[in-house]
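Good morning, colleagues. I shall speak briefly about domains and contacts, and I ask you to keep the structure in view as we proceed.

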Amino acid sequence: MANFYTDIPEIKFELENSPLMPRIVELKERDFADRDEYADAPQDVADAVDSYNRVLEVVGDITANVVAPNAEDVDAEGPHHENGRVRYASKTYENLQAMTQAGLNGMTMPRRYNGLNLPVTVYTAANEIVSTGDAGFENIWSLQDCIETLYCFGNEEQRQKYIPRVCNGETMSMDLTEPDAGSDLQSVMLKATYDEENECWRLNGSKRFITNGDSDIHLVLARSEAGTRDGRGLSMFIYDKRDGGVDVRRIENKLGIHGSPTCELVYKNAKCELCGDRKLGLIKYVMSLMNGARLGIAAQSVGLSQAAWNEALAYARDRRQFGKAIIEFPAVAEMLSNIKARLDAGRALLYQTARYVDIYKALEDISRERKLTPEERAELKLYNRLADAFTPLAKGMNSEYANQNGYDCIQIHGGSGFMLEYACQRIYRDARITSIYEGTTQLQTVAAIRYITNGFYAGVIGEWEQQSVPAEYAAYAERLKAMNARLNACIASVREADNQELLDLAARHLYEMTAETVMCHLLLHNAVQAPELFGKSLNVYVNMAEADVTRHATLLEHLDVEQLENYRRE
Amino acid sequence: MSLKIVVLAKQVPDTRNVGPDAMTPEGTVNRSALPAIFNPEDLNALEQALRLKDKFGATVTVLTMGPGRAAEVIREAVYRGADGGYLLTDRAFAGADTLATSYALATAIKHVCPDVDLIIGGRQAIDGDTAQVGPQVAEKLGLNQITYTEEILSLENGIIRVKRHIDGGVETVESKLPCVLTVNGSAAPCRPRNIKRLLRFKRALAPLELQNTTYAELPYASEYEKKPYLKIQQLTCADVEADLSQCGLAGSPTKVKAVENIVFKAKESKVMTGSDEDVNGLIRELLASHTIG
């Protein structure tokens, strides 16, 4: 029987072969403190990794045998808007039921709230797998991740009230965007006022583009400080659908991820609870929420790339022209090789980022229980920065790759790919949103640029360059060094120009050069350990990335302040 | 109301995806090429039991007969929601036909769950395809039986209403409890494994699976001490006080006269069109050779 986890050994490799994994398990399990109290808790690192594998086998099974077979119908039917509520496509309910029966909700939450206490890395893998089956459904299901923000910033009463419900299968949404507040969330105007009489907060106004907007539990960004106009007047609220007061005005008609209802919401004096402190809504909580969501989109993107690879490979093997399978033509095989190379490289970046997030989040959580040692504080600080720096790389690059892979997948299908009968068109449509929502690629660049100019990535890459590689990989290591030197020269010359507009213009180029160099290193590391899985992709990806770095460098070498005028449009 | 339900389940070779290596050159089943699986319709049966458990509260016990490796069926059922199970295993059960199998199962049910409310099994197993064991268990226990169950419609005041699949339609029937249901493959598919249950029971083993070692020598040995449910219970012929003469080969009136090895060796191939003429010709040919009909 098909299984989207066991059929893809590259994911298992990422789970089992990182030297960071034992540390993640120890931190997440608090040195296995739960083992006597909870029968599902692991006894040691090996036992935990065994459990992770078993969990992902279930995810792979449900995805292959329920979610994926339903994807076409869900895409065709889409959700329905009825009396101010959302009714999902009928098979979406089948998917949700299977997930709930399996208990695949609240996956990262502690066991005391009925969670599975899984690392972010394992949850990320689950996300990737589900997305391979149906990225639109993954959208709904993976919003369970919002609970992480409630767990981090809500009070104990709120944790006890909401987390077990999410673990039990209730869905979530994050209500951020408004008609005039998209990328610029500082402009959010949804009004939150304190109702003295009933001693609760009330929400009034509207939100737009809210994924899964009719969910059971909403995290809402609203203006609690009357008269303010910037991000400091915004707070985070929890709206419980059981209290009522929020209606769905309409469902958007989208290009892709049809299974996922995107809603316009109307808040009519809706009762809600303040989550955390006033005024920290945007500057602290939404930033945390967004970082989690961005890793989620990176995983969704990798899942889509895997789907593109599956479809393209199957078609290229099957389709015969000029007396042979089209996979035998180098022009087709190159497209396939490129898809696989981008998939393997992007996946390596995804899981490296997830591991950084894991160590940082686990230490941060421990710091809520006890005082960290100086070593732990230093570790927390380092991994916080690594997570912060790598998340925009993983999200931006993988979402762009998912788009390119979807494009190539259709190209391999030729005319058939343009017809709606094949899955590739859905992958292509679904992928399109990934480079837009949770921060466009342009905004990922903004998030990453300071780590480019302050030399943070350069430091990480420099450390990797110090690691010795087997002789047969020495030539790759040299090429990577040359790429990095080229990148550093470009950074230096842009910094030297000391012009913000030039830097903003160069940012995307420097961002891609950095991300590609990073991914080359990660793929090299993987290929050394498992050449049978990654050897070909290493070769193809380094060729591709090196050429790309050269292209960006050539452009940047010619770009100067005098040319800026020609890049301005009115 | 808390029901007592016994689910009958069998481990079978996966005959659904038979490849070219499914048979050995000697004409026996190549077990390594056909993985052992949970008999598909027994999973439909398990789902019906678990739905009753969800609705009314029930203790769902799985009973399977087979060698040590058949304990996998019990683990799988427990991962999906069954409360526990028994592996009925004894050399004396070997070679049982459907009569001896149903005798062994009925005897075991009397022993482990004398006040059973419902016994639910799949319609038939994909290895033997007889569909006899469920009905024979009912007969031996003197219980009503409803075969080809597709859906349990209600259960009130000790009366169960069942929609059963019949040729060309469905039929709704009632029976008082206790009774035996056999479940059709068209019934709801079984729910997936539940993660918490999976992690809790993942180390569960039957004594026969230990193979020359003991629980105390296994990795995480202390777990088996602390969590008795990790030791899957086995029942022998003696445990259930079965009459040896009715067990295994001795209790099996079915006598195999001969086993014929048929190895298809296509010497030639014929190409036929979809025309009525060609199809009729093929049917006549197959009838003449007694391949069909």
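Which domains does the domain assignment of chain A give? There is domain 1 (9–166 + 283–435), then domain 2 (172–279), and then domain 3 (457–567); such bounds come from an automatic or database domain assignment. Please note that this is a predicted model, in which local features need pLDDT of at least 70 and side-chain atom pairs count only at pLDDT 80 or more, while totals for chains, interfaces and linings use all residues. Residues are numbered from 1 along each chain as its sequence is written, and chains are lettered from A and ligands numbered from 1 in the order in which they are written.

Let us turn to domains 1 and 3 of chain A. Their C-alpha centres lie 26 Å apart. Domain 1 of chain A brings 18 residues to the contact and domain 3 of chain A brings 17 residues, where contact requires C-beta atoms, placed from the backbone, to lie within 7 Å. On the domain 1 side, helices H1 (9–16), H10 (330–369) and H11 (374–413) of chain A each supply at least two residues; helices, H or I, are DSSP runs of at least four residues, numbered from the N terminus. H10(A) gives the most to that side, with 10 residues.

Finally, I come to the contact between the chains. Chain A contributes 15 residues and chain B contributes 12 residues. On the side of chain A, helix H3 (45–77) and helix H4 (90–102) each supply at least two residues, and the largest share, 6 residues, comes from H3(A).

Notes
Contact = placed C-beta atoms within 7 Å.
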